[in-house]
Amino acid sequence: MDIIQEELFLKRLHKQLPFHLFVGLGIIFLLVFSYIPMFGIIIAFKNYKISTGIEGIFTSSWAGLSHFRELINDYNFPSLVRNTLILSVLKVIFSYPIPILFAIMLSEVKHVFFKRFVQTVSYLPHFISWVVVTGIAYAFFSSGFGIFNELMLSLHIIKEPVQILTDPDSFYGLAVMTAIWKEAGWWTIIFLAALAGIDPALYEAAEIDGAGRLKRILYITLPGLKSASIVVLILTIGSILGGGLVGSNFEQSMLLGNPLNNEKSQIIQTYAFSVGLAQGRFSFATAIDLMQSVISVFLIFTSNFIAKRFSGTGLF
């Protein structure tokens, strides 16, 4: 009996070998780029210098929590936290419902070619780097040659160019708008996949019973998106310090930020880069990133607990 089971196991393993290879490559990738580098976290509690190399990670003198205290006591810390949270919360508020609404609208489109065309055009910006997106933003909103200012001036809506790229009060809106344009279409794919799993018979039965389009959306479509929406929301809250659903707080603040809007564009990640990495203070930069990671893990577990408590659905 054992020999038969062993033969069946070997046949199944041979048949599924390509899938195991794909999984194995993914595991190797995670080990090399995600788990092994975690040993470097220890330098957040040490006085590490890059000149000591890898050996210095273990031989450097202990600093305890001094780097964390230095960050909290830094006079920039309140503004860094404020800018990071405001930017991230605004992205969650405005970016989270848009892919859901867009997926619902696309699902209601009956013309297949137009539906596929709109879907393709909407998620193509996801593959554009933030450097290119920033260049597009400069081409549109530059006070000297931007299309937006040229159009507004030609229509006599404004009398002088609007300083969108350098005005601190415009930075949040610019960052949220460009992030939604770049990533909303990509996240729509997840909700379209969830909509594809809804039984079409439910719509047919509702239509026979006299339910209009709006009622079918309210009582069939939205409940069908419940599980996917909660999972995405948990992941969004867990990564809120990095920008949530549309991410990229660091790239946007680095590329769209400048000395004129620095009071709103400087966030925790850019501070860690400019003060930590650019000045060679790797222990300090690691302490900042470690603090963010701990907060993110706490937010994931908290949001998952709340979601399971009130809706019965969670990420794990």
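Predicted model: local features only at pLDDT ≥ 70, side-chain atom pairs only at ≥ 80, totals over all residues.
Residues are numbered from 1 along each chain as its sequence is written, and side-chain values rest on heavy atoms, with hydrogens and water left out.

The protein contains 17 helices and 0 strands, where helices (H or I, at least four residues) and strands (E, at least two) are DSSP runs numbered from the N terminus. Its radius of gyration is 25 Å, well over the 20 Å that the globule rule gives for 316 residues, so the protein is more spread out than a compact globule; the radius is taken over C-alpha atoms, and the rule is 2.2 Å times the number of residues to the power 0.38. Along the principal axes, the C-alpha atoms fill a box of roughly 80 × 70 × 35 Å. Of the 316 residues, 37% are buried, with buried meaning under 20% relative accessible area, exposed over 50%, and partly exposed in between (1.4 Å probe, protein chains only). Among contacts (heavy atoms within 4.5 Å) with a separation of 6 or more, 63% join residues 24 or more positions apart.

Residue K264 belongs to helix α15, which spans residues 262–265, and is buried, with a relative accessible area of 16%. The side chain of K264 makes a polar contact with the side chain of D169 at 3.1 Å; such a contact is a pair of N or O atoms within 3.5 Å, of which, within protein, one must be able to donate a hydrogen and the other to accept it, and residues adjacent in sequence count only if both atoms are side-chain atoms. When neighbours within four places in sequence are set aside, K264 is in contact with N83, P168, D169, F171 and Y172.

Two loop residues were also examined. A63 lies in the loop between α3 (56–59) and α4 (66–73) and counts as buried at 15% relative accessibility. Not counting residues up to four places away in sequence, A63 touches F45, K46 and N47, while its C-alpha atom is separated by 15 Å from that of L290, which is 227 residues apart along the chain. H156, in the loop between α9 (147–154) and α10 (168–196), counts as exposed at 71% relative accessibility. Most residues other than glycine have a negative phi; H156, although not a glycine, has a positive phi of about 60°.
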